[in-house]
Amino acid sequence: MNTIAKETDSQIIMTALVKIHEIYGIPQNIISNIIGVTSSKFSKLKNHHNGIDISPESNEGKLALYLIKVFRSLEAIFSRNENLCTKWISNPNSDFNNQTPIDLMADIMGLIRIITYLDYHRGRL
């Protein structure tokens, strides 16, 4: 009998968001803002408290999946070089009127713009 517990979709999403927070240094309050939850709820999600989860079908879950897609694209473009990914996401970019990509992602339109931009550049690899 297989006793290995399978991660739920919610746990997979949270593992990826925690990676974005810890590895790429994206502050918890910025991730919370992007996915549309309070910092307190994100902290509870991160620490698996009170049975709170983030369903991929919820608005928060969909935004989280978009954010995860951004970082997966960056990892592909920059060959998983964490420093280059972090620099790209946090430095002003002339393609975005000298705004930083992380600032643009504060709303859904900016998040989609970043995804579209990265998808275009991934396709050129």
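Begin by selecting His21, which lies in helix α1; helices here are DSSP runs of H or I with at least four residues, numbered from the N terminus. The model is predicted, so local features need pLDDT of at least 70 and side-chain atom pairs count only at pLDDT 80 or more, while totals for chains, interfaces and linings use all residues. Residues are numbered from 1 along each chain as its sequence is written, and side-chain values use heavy atoms, without hydrogens and water.

Next, display the surroundings of His21. A polar atom of its side chain lies 2.9 Å from the backbone oxygen of Ile26. Not counting residues up to four places away in sequence, His21 touches Ile26, Pro27, Gln28, Ile31 and Lys46, where contact means heavy atoms within 4.5 Å.

Phe71 is buried, at 3% relative accessible area; buried means under 20% (1.4 Å probe, protein chains only). With residues up to four places away in sequence left out, Phe71 touches Ile20, Tyr24, Ile26 and Ile89. Its C-alpha atom is separated by 9.9 Å from that of Glu82, eleven residues along the chain.

Of its 33 residues, Leu17, Ile35, Leu67, Val70, Phe71, Ile89 and Met105 touch the most other members. Helix α4 (59-77) is among the elements giving two or more residues, and α4 gives the most, with seven.

Finish at Met105, which contacts Ile34, Leu67, Val70, Ile89, Gly110, Leu111 and Ile114, leaving aside neighbours within four places in sequence.

Definitions and conventions:
Core = buried A, V, L, I, M, F, W, Y, C linked by side-chain atoms within 4.5 Å. Buried < 20%, exposed > 50% of the residue type's maximum accessible area, 1.4 Å probe, protein only. Polar contact = N/O pair within 3.5 Å; in protein donor to acceptor, adjacent residues only side chain to side chain.
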